[in-house]
Amino acid sequence: MPRKALIAANWKMFKTPAEAKAFVAAFLPLVAGHTRDEIALFPSPVLLPAVIEAAKGSNVAIGAQNIHFAEEGAFTGETSLNQLQAVGGTHTLIGHSERRQYFAETDEIVNKKLHAALKHGIVPVVCVGEVLADREAGKTADVLKTQIAGAFVGITAEAAKPIVIAYEPVWAIGTGKTATPEIAVDAHKIIRAEVAKLLGAETAANVRILYGGSVKPDNAKTLLGQEEIDGALVGGASLKPDSFAAIVKY
Ligand code: PGA
């Protein structure tokens, strides 16, 4: 069975609740009846209730950009999976490169978050990707394998079924420098082979691997048309309804 693509919007630290609601009101009609791909929005925590309410009953799922792995506790500034679920969120990003770069998120933390999300039945989108220095030093494959192996510690093939992986080369995020389809496909193959090594060929064949990094309406088709690329995680170009809808409908 072919893998159903997921086209996801990472809004990062943008939009007020009013702006987010206006986005959803404009966006839903543009993608109404679109069933070829799954669609998800990842807004800041403070926007989640408004966005979930606005998207209720639609073909658009809503998730968090980050969650804490603990059930609850004294973790100032964090959001728990229970809190996400209580407001109706169904997905979460884990280990986005900005979390790794600016908030010291390690593979070990990513692994704890992945276990916690799976335990709660929240769909995890685990982000991996090399920085420019890694790529220039020929270390891309090593970095990707380490990040995947680190994220998947203690995860069984059965538990792994809902997991989505996003390949996001850090040098392509927010820079306008999109990976060529060849670069993205090569990286996806490395990731899929690592998943096969850890969890078997069937899990590897079924896991969805998204590409992220300067995806725009005008390059979406070349990237998403590749058999290895099972969707996109879109930052900047997901902030406007028409631009994100154009990517969804590439
Ligand atoms: P970008 O961000 O599309 O703005 O490059 C992608 C991401 O960080 O998920």
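Analyst: One term to begin with: a residue is called buried when its relative accessible area is under 20%, and exposed when that area is over 50%. Keep in mind that this is a predicted model.

User: OK. What share of the 250 residues is buried?
Analyst: Buried residues account for 53% of the 250 residues in the protein chain.

User: How many helices and strands are there?
Analyst: The protein chain has eleven helices and eight strands.

User: What is the radius of gyration of the chain, and what would a compact globule have?
Analyst: A compact globule of 250 residues would have a radius of gyration near 18 Å, and the protein chain has 17 Å, so the two agree. The C-alpha trace spans about 45 × 45 × 35 Å along its principal axes.

User: What about contacts between residues at least 6 apart in sequence: what part joins residues at least 24 apart?
Analyst: Of those contacts in the protein chain, 72% join residues at least 24 apart.

User: And the surface, how much of it belongs to carbon and sulfur atoms?
Analyst: The accessible surface of the protein chain is about 11,100 Å², and 58% of that belongs to carbon and sulfur atoms.

User: Charges next. How far apart are the mean positions of the positive and negative ones?
Analyst: They are 3 Å apart, with 25 positive and 26 negative charges in the protein chain.

User: Let's pick a helix. What span should helix 8 have, going by its residues?
Analyst: Helix 8 covers residues 181-199, which is 19 residues, and at 1.5 Å a residue it should span 27 Å. Its end C-alpha atoms are 26 Å apart, which agrees.

User: Which of its residues are buried in helix 8?
Analyst: The buried ones are Pro181, Ala184, Val185, Ala187, His188, Ile191, Arg192, Glu194, Val195 and Leu199. The elements covering the buried residues of helix 8 include strand 5 (123-128), helix 7 (140-151), strand 6 (164-167), helix 9 (201-206), strand 7 (208-212) and helix 10 (220-224).

User: What comes just after helix 8?
Analyst: Gly200, which takes a positive phi of about 100°.

User: Which residues other than glycine have a positive phi?
Analyst: Lys15 is one of them, with phi near 85°. Ser214 is another, with phi near 55°.

User: Where does Lys15 lie?
Analyst: Lys15 is in the loop between strand 1 (6-10) and helix 1 (17-31). Lys15 has a relative accessible area of 22%, so it counts as partly exposed.

User: And Ser214, buried or exposed?
Analyst: Ser214 is buried, because its relative accessibility is 9%. Ser214 sits in the loop between strand 7 and helix 10.

User: What does Ser214 touch?
Analyst: Not counting residues up to four places away in sequence, Ser214 touches Ala172, Gly174, Thr175, Gly176, Lys177, Thr178 and Asn219.

User: Back to helices. How many residues of helix 11 are buried?
Analyst: Six of the eight residues of helix 11 (residues 241-248) are buried, so helix 11 is largely enclosed by the rest of the structure. The six are Pro241, Ser243, Phe244, Ala245, Ile247 and Val248.

User: What covers the buried residues of helix 11?
Analyst: The cover includes strand 1, helix 1, strand 2 (38-42), helix 10 and strand 8 (231-234).

User: Now Leu81. Where is Leu81?
Analyst: Leu81 lies in helix 3 (residues 81-86). With 1% relative accessibility, Leu81 counts as buried. Leaving aside neighbours within four places in sequence, Leu81 is in contact with Ile67, His68, Ala116, Ala117, His120 and Ile122.

User: And Val170, what is it in contact with?
Analyst: Beyond its neighbours within four places in sequence, Val170 is in contact with Ser97, Gln101, Gly129, Glu130 and Val131. Val170 is in the loop between strand 6 and helix 8, and at 15% relative accessibility it counts as buried.

User: Last one, Ala160. Buried or exposed?
Analyst: Ala160 is buried, with a relative accessible area of 4%. Ala160 lies in the loop between helix 7 and strand 6. Leaving aside neighbours within four places in sequence, Ala160 is in contact with Ile155, Leu199 and Thr203.

User: How far is Ala160 from Gly176?
Analyst: The C-alpha atoms of Ala160 and Gly176 are separated by 32 Å, and the two residues are 16 residues apart along the chain.

Notes: Residues are numbered from 1 along each chain as its sequence is written. This is a predicted model: local features need pLDDT of at least 70, side-chain atom pairs count only at pLDDT 80 or more; totals for chains, interfaces and linings use all residues. Side-chain values use heavy atoms; hydrogens and water are left out. Helices (H or I, at least four residues) and strands (E, at least two) are DSSP runs, numbered from the N terminus. The expected span of a helix is 1.5 Å times one less than its number of residues. Buried means under 20% relative accessible area, exposed over 50%, partly exposed in between (1.4 Å probe, protein chains only). Contact means heavy atoms within 4.5 Å. The radius of gyration is taken over C-alpha atoms; the globule rule is 2.2 Å times the number of residues to the power 0.38. Accessible areas come from the Shrake-Rupley method with a 1.4 Å probe; for residues, only the protein chains shown count as cover. Lys and Arg count as positive and Asp and Glu as negative; His and the chain ends are not counted. The place of a charge is taken as NZ of Lys, CZ of Arg, CG of Asp or CD of Glu.
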